[in-house]
Amino acid sequence: MARHASALSVGLPPDEAVVVDAPDAPLRAALVAAASGDFGAARELLATTRLDMQWERRDACVSDLASFALHNPGWLDAWLSAAPEDPDAMLVKADLCILQAWEIRSSARADDVSEDRFRGFFALLEDAVPVIGTAIELNPADPVPWRIALTHARGCQAPREIFDSYWEEATARSPHHFGCHATALQYLCDKWYGSHEEMFAFAERAADQALPPSKVQSLPLQAAVEYVIVASAVADGPIDPARIDAAIQRALDMVAHYEAGDPEVADVRNHLALMLANSGRWAESLEQFRAIGVHATRFPWAYVGDPRQEFLEYRTGVRMQVAGNTPLFGRPPRPAPLPVPGPAEATAAGEPYPSAEHCSLAVVAATLDTVAEATLTSGPPLRVATAANGWHTLVEMALHPDHARRGSLHTRDRLVTAAGTFTTRERWPALILHRSGDRHGFTLVHQGKRLAEHQWDPAAPVPGLDEVTATAQAVAGVYDIADIRPLIALLRGSDDAPRRQADLVAALRMPPLPAAFGTRAEVLTELPDARILTRPGAMGDWEKATAADGQGPHRVYTVRKPWHWWTLRLLFLPLCVMMAAWGWMSDDVMFLRPLLATVSALYVGSQLVGAWRRRPRR
């Protein structure tokens, strides 16, 4: 299993790069502006979706904006005050009213919800009725308010006649609107007001009526997840297993129309990855995880636990299953190469350049030789360089020039994992700095343990004071900082994330970061004293591949042998030579003794020659 696990991680982004329900660039810009109280970007974004009748995108943007307003409503209140008849602002308000009601009720089963919560839940749903009605009146052609109305009907236990009337209104405006279909599917499932058979019949009928590229084609897959995962149905349940397989195959055919990594079908691929793994189709599930990339979604993973954690654990488990099913001396299937756009194309698409999507750099409070001695025993290849102040060391992952060999046994951020190894039993800490697009953060590792983590995300709510104080105390304790108030001030805000990260580095008395950090995966290659650290015997192939790539061989860090190592071997070598010579010239000595002396002399001599050739030349 371990032999193939590293190769099978090719194409899988590190854990720290995975974000649940990450917004695209325009929506993220609107969220960042809303965090500062500016609703202008959100207004322009939703106006565009309304005028262009982009109902699917409009639904997704409204949901994300309403979720953001749930804990940061000031910008939406300002928008409604400035334009109370704006159909876009009223639509976000309508969705927010539903979210506020469900926030009171929670997502628990009805048996686990208290009467007080239910009273608050139904009261808020009743207050939402006029808001939803106003949103419908302000934009009669929009199907999104009817998606909200369908959710309202499910929560307030509306009878089937009302649900059917809402459904007719929604489909009259957009016959294949995926959000309305997915919401209706929940109403018809067994845990609410329908049955497994009714749910599957509805999903299959809708998929038959939709064109193959439409996401409605994946509706039977959602029904399968609801049946197999949520309801924990047994094999001899009311639904024929062939319908489950057909739902999976239909979804596979649908996503084949989209490029790998396309966020538009990320939710479908996430459902596919789970159902394929549940069916034991490990290799196909792994391919879906590769196609998902960093675009994890809340569902279906929220059905089984914390969405991000379950996504990462399933991904690791699937990879290990594929590795275990591969013969020991076999070759695991290589993933299809993904298109890598250049910086211009990536910028035009609103996405960060893939090679710089997630960058990590460790600043270690120890000299280069000290870090190297703690690192060389095991672990992935690292590139190290002495920082500007001379007593800190900069460490980054040394990416193999052959993309097929860039996999790692650990799908977590490999630099954090490596720092956990080389700081074990050491007094000095390592601060790993991260940059993913406009998100900046750090992980503090000391004595092999993660002591603190933080992320500055302009599109996320400001973290709580208690959380920030705990992080500041952990950092201050490691770096001997008496006053934690400046650290709290740096951690509490989310604006100007690059400056806050740089100010943190300065506050911890560390050297400034390389100017290129965050623009590409490897930033230490241009430093004159950069060296490669890797396991003995692995550097030969690594250097050859680097030279073949046209970059030239990278300089290798070699351990400086201590004086007693040289002394013992220089004394032992002549002794072995003399014993071997005396043994071979003596007639009364068994041949085994001179043979052992000869082998010992050759072994010690090869050690000395190899150490001399690999001696540091700096």
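A contact, as the word is used in this report, means that heavy atoms lie within 4.5 Å. The structure is a predicted model, in which local features need pLDDT of at least 70 and side-chain atom pairs count only at pLDDT 80 or more, while totals for chains, interfaces and linings use all residues. Residues are numbered from 1 along each chain as its sequence is written, and side-chain values use heavy atoms, with hydrogens and water left out.

## The chain as a whole

The secondary structure comes to 25 helices and nine strands, where helices (H or I, at least four residues) and strands (E, at least two) are DSSP runs numbered from the N terminus. Of the 618 residues in the chain, 47% are buried; buried means under 20% relative accessible area, exposed means over 50%, and partly exposed lies in between (1.4 Å probe, protein chains only). Among the contacts with a separation of 6 or more, 67% are made by residues 24 or more positions apart. The chain exposes about 29800 Å², of which carbon and sulfur atoms supply 56%; such accessible areas come from the Shrake-Rupley method with a 1.4 Å probe, and for residues only the protein chains shown count as cover.

## A helix with one covered side

Helix α21 (residues 485-492) has Leu-487, Ile-488, Leu-490 and Leu-491 as its buried residues. They cover an arc of only 165° around the axis, which puts them on the same side of α21; the arc is that of the directions from the helix axis to the C-beta atoms. What covers these buried residues includes the strands β7 (439-446) and β8 (449-456), together with the helices α20 (465-479) and α22 (497-507).

Another buried residue is His-152, with a relative accessible area of 8%, and its place is in helix α8 (residues 144-155). Leaving out residues up to four places away in sequence, His-152 touches Ile-98, Leu-125, Ala-128, Val-129 and Ile-132.

## The annotated spans and a nonpolar patch

An unreviewed UniProt entry places the feature "transmembrane region" at residues 565-585 and 591-612; UniProt positions are given in the numbering used here, feature names are shortened, and annotations may be inferred rather than shown by experiment. In the model, residues 565-585 are 100% helix and 0% strand, with end C-alpha atoms 31 Å apart, whereas residues 591-612 are 95% helix and 0% strand, with end C-alpha atoms 32 Å apart.

Trp-584, Met-590, Phe-591, Leu-592, Leu-595, Leu-596 and Val-599 make a nonpolar surface patch of about 770 Å². Patches are made of residues with over 30% relative accessible area and no salt bridge, like charges being joined within 9 Å and nonpolar side chains (Val, Leu, Ile, Met, Phe, Trp, Tyr) within 5 Å. Helix α25 (residues 592-613) gives the largest share of the patch, four residues, while Trp-584 is found in helix α24 (residues 563-585) and is partly exposed, with a relative accessible area of 48%.

## Salt bridges

Side chains of opposite charge can pair when their charged atoms come close. A salt bridge is counted here when a side-chain nitrogen of Lys or Arg lies within 4 Å of a carboxyl oxygen of Asp or Glu, and a search of the whole structure finds 25 of them.

| Salt bridge | N to O distance |
|---|---|
| Arg-119 and Glu-115 | 4.0 Å |
| Arg-119 and Asp-116 | 2.1 Å |
| Asp-503 and Arg-499 | 2.9 Å |

Arg-119 and Glu-115 both lie in helix α7 (residues 115-138), four residues apart, which is about one turn of the helix, and Arg-119 and Asp-116 are both exposed. Asp-503 and Arg-499 are also four residues apart, in helix α22; Asp-503 is partly exposed at 29% relative accessible area, and Arg-499 is partly exposed at 35%. Elsewhere, salt bridges that share partners join Arg-50, Arg-58, Asp-88 and Asp-142 into one network.

## Backbone details

Most residues other than glycine have a negative phi, and most peptide bonds are trans. Asp-21 has a positive phi, near 50°, and lies in the loop between β1 (19-20) and α2 (25-35), while Arg-509, which is not a glycine, has a positive phi of about 60°. The peptide bond from Phe-299 to Pro-300 is cis, with omega near 15°, and Pro-300 lies in the loop between β2 (295-296) and α16 (307-325).
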